[in-house]
Amino acid sequence: MSHILIVDDEEKIRTIIRKYAQFEGYEVTEATNGMEAVKLCRKQDFDMMIMDIMMPELDGFSAVREIRKHKDIPALMLSARGEEYDRIHGFEVGADDYVVKPFSPRELMMRVAVILQRNGKGDAGKKRVTFTHEGLTIDFTARTVTVNGALAELSPKTYDLLFYMVKNRGIALTREQLISNVWGYDFFGDDRTLDTHVKLLRSALGEYRSLIVTLRGVGYRFEG
């Protein structure tokens, strides 16, 4: 199982990344600032780190530079700024990728997978994560959904919606939560986009469509 270090002073950001990373099958350790990350890397081995840039005590650039003096750990940099200087500087200190906030958690996980694969820590380093309810099987590692043995065809975004709902099954999810976590914090599209994808998802699930419960005036809940 690949071990990822998440470094960000914003608890909300760490929580979102941790949930998605753990559901992808990764082991996760968190740090609230660059200095803490440096200390953790001296004591433990990590397969990669997701490092915020703007943090108290020690910024992300300095933390990566210090860590790289002792261990060659792949790094994906996070920043609220998208200036060319920041991106170039990130690559100069040895960053493998650079993502600007706000970001799509699903896209972030895809970038993480690419970095791990590039460094010899691909799917073999992940444990397979599945959800099963009677004849419905959702394989999060392979990104497949089978209904009574038949492979269901889902668009990437519809799969992301199912991924998030199942991960939070039994919890009432507001429309705002679903749109924010599936489409991204900067989504400004029509609310009907969500309803359209729920309709497509229910159709794909066939006899298990009732697992997606509509909460009028609130949003949806996945049962099971």
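**Note on strand pairing, helix packing and salt bridges**

1. L215 has G219 of β12 as its bridge partner. This is a predicted model, and the pairing belongs to a hairpin formed by β11 and β12, with three residues between the two strands. Strand β11 covers residues 212-215 and strand β12 covers residues 219-222; they run antiparallel and are joined by four bridges. In the turn, G217 has a positive phi of about 80°.

2. An open sheet is built from four strands in the order β6-β7-β8-β9, with antiparallel pairing. Its edges are β6 (130-133) and β9 (150-151). Each of these has a single partner strand, so one side of β6 and one side of β9 are left without a neighbour in the sheet.

3. Within that sheet, β6 is joined to strand β7 (residues 136-139) by four bridges, and the two run antiparallel. The bridge partner of F131 in β7 is I138. Helix α6 lies across β6, β7 and β8 (144-147), and its direction is at about 100° to β7.

4. Helix α6 (residues 156-167) also holds both K157 and D160, which are three residues apart, about one turn of the helix. Their side chains meet in a salt bridge, at 3.9 Å from N to O. Are the two partners buried or exposed? K157 is partly exposed, with a relative accessible area of 24%, whereas D160 is buried, at 8%. The cut-off for buried is under 20% relative accessible area. Salt bridges that share partners join K157 and D160 with E24, R106 and R143 into one network.

5. How many salt bridges does the structure hold? The count is 18. One of them is between the side chains of D45 and K71, at 2.9 Å from N to O. D45 sits in the loop between α2 (34-43) and β3 (48-52), and K71 in the loop between α3 (60-67) and β4 (75-79). The two residues are 26 apart in sequence, so the pair ties together separate parts of the chain. D45 itself is exposed, with a relative accessible area of 59%.

6. A further salt bridge is formed by D96 with R68, where the closest N and O atoms are 3.6 Å apart. The pair links distant parts of the chain, 28 residues apart: D96 is in the loop between α4 (84-92) and β5 (97-100), and R68 is in the loop between α3 and β4. D96 counts as partly exposed at 24% relative accessibility, and R68 counts as partly exposed at 22%.

7. Helices α7 (residues 175-183) and α8 (residues 192-205) have axes that come within 10 Å and cross at roughly 80°. The two helices are therefore roughly perpendicular to each other. On the α7 side, the contact is made by R175, L178, I179 and W183; on the α8 side, by T193, L194, D195 and H197. By class, this contact has four nonpolar, two polar and two charged residues.

How values were computed
Residues are numbered from 1 along each chain as its sequence is written. This is a predicted model: local features need pLDDT of at least 70, side-chain atom pairs count only at pLDDT 80 or more; totals for chains, interfaces and linings use all residues. Side-chain values use heavy atoms; hydrogens and water are left out. Axes are lines fitted to C-alpha atoms, for helices over the stretch in contact, and angles run from 0 to 180 degrees between N-to-C directions. Angles under 35 degrees count as roughly parallel, over 145 as roughly antiparallel, 65 to 115 as roughly perpendicular and the rest as oblique. Contact means heavy atoms within 4.5 Å. Ala, Val, Leu, Ile, Met, Phe, Trp, Tyr, Cys and Pro count as nonpolar, Asp, Glu, Lys and Arg as charged, and the others, Gly among them, as polar. A salt bridge is a side-chain nitrogen of Lys or Arg within 4 Å of a carboxyl oxygen of Asp or Glu. Buried means under 20% relative accessible area, exposed over 50%, partly exposed in between (1.4 Å probe, protein chains only). Two strands pair if DSSP finds at least two bridges between them.
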